[in-house]
Amino acid sequence: MFKTILVGIDGTESSENVVGVAADLARHFDAALHIVCAVDAAYFLDEPDGARPTQVDEIDYPAAAIERERADNMVRQTVSDLRARAVDASGSVVPGEPVAMLLEAAHKLGCDAIVLGHRHLSWLGRLTERSVCHELLEKSPLPVLVVPAKPASTSA
């Protein structure tokens, strides 16, 4: 049913749960995972040849360099951890708005499903912040699996 699954991560606490659920799903369906982290385009340093930002960029734009390096390291580590668990995994850091970038990546990679986390916003947060999860659920032509921030507790 699923051959390629896109997994959106952002470095929050729920990312670990998201990756764990996605890994279980990949093993069950013998599917490949593609890990994606979207970085605000204003903080995305990249060179035309696709190489990492230069040292000059890192000096001139330290906040952007830190953001890009954090995202690169997070994706690299996640892919490495998945491969160590015998899961076929790849990853990328993309510039732009998360929903648009996740949908674009899913389309380009021919993904069959998207897995991402859900953060619980306060009532004020729901009024002032957009929910990536909610927007993705409305716009995605693919099945979307939403993983709660914390694993559900089991009662005995």
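The answer below begins with the core and then turns to a helix and a strand.

Modeller: This is a predicted model, in which local features need pLDDT of at least 70 and side-chain atom pairs count only at pLDDT 80 or more, while totals for chains, interfaces and linings use all residues. Residues are numbered from 1 along each chain as its sequence is written, and side-chain values use heavy atoms, with hydrogens and water left out.

The largest nonpolar core comprises 27 residues, and I5, V7, I9, L33 and L82 have the most contacts inside it. A nonpolar core here is a set of buried Ala, Val, Leu, Ile, Met, Phe, Trp, Tyr and Cys residues joined through side-chain atoms within 4.5 Å. Buried means under 20% relative accessible area, exposed over 50%, and partly exposed in between (1.4 Å probe, protein chains only). Two or more residues come from each of β1 (4-8), α1 (14-29), β2 (32-39), α3 (62-84), β3 (89-95) and β4 (113-117); the greatest contribution, six residues, is that of α1. These elements are DSSP runs numbered from the N terminus: helices (H or I) of at least four residues and strands (E) of at least two.

Beyond its neighbours within four places in sequence, I9 is in contact (heavy atoms within 4.5 Å) with S15, V19, I35, V36, C37, M74, V75 and T78. Another core, of 13 residues, lies apart from the largest one and includes L6, V99, I114 and L116.

Within α1, the buried residues are S14, S15, V18, V19, A22, A23, L25 and A26. The 16 residues of α1 should span 22 Å at 1.5 Å a residue, and its end C-alpha atoms are 23 Å apart, which agrees; the expected span is 1.5 Å times one less than the number of residues. Just after α1, D30 adopts a positive phi of about 55°.

Strand β4 is largely enclosed by the rest of the structure, because five of its five residues are buried. On one side these are A113, V115 and G117, and on the other I114 and L116, so that both faces are covered. β4 runs parallel to β1, joined by three bridges, with V7 opposite V115. It also pairs in the parallel sense with β5 (residues 144-147), over four bridges, where V115 stands opposite L145. Pairing requires at least two bridges found by DSSP.

As to confidence, pLDDT is the predictor's confidence in each residue, from 0 to 100. Among the elements, β1 has the highest mean pLDDT (97) and helix α5 (residues 123-128) the lowest (52).
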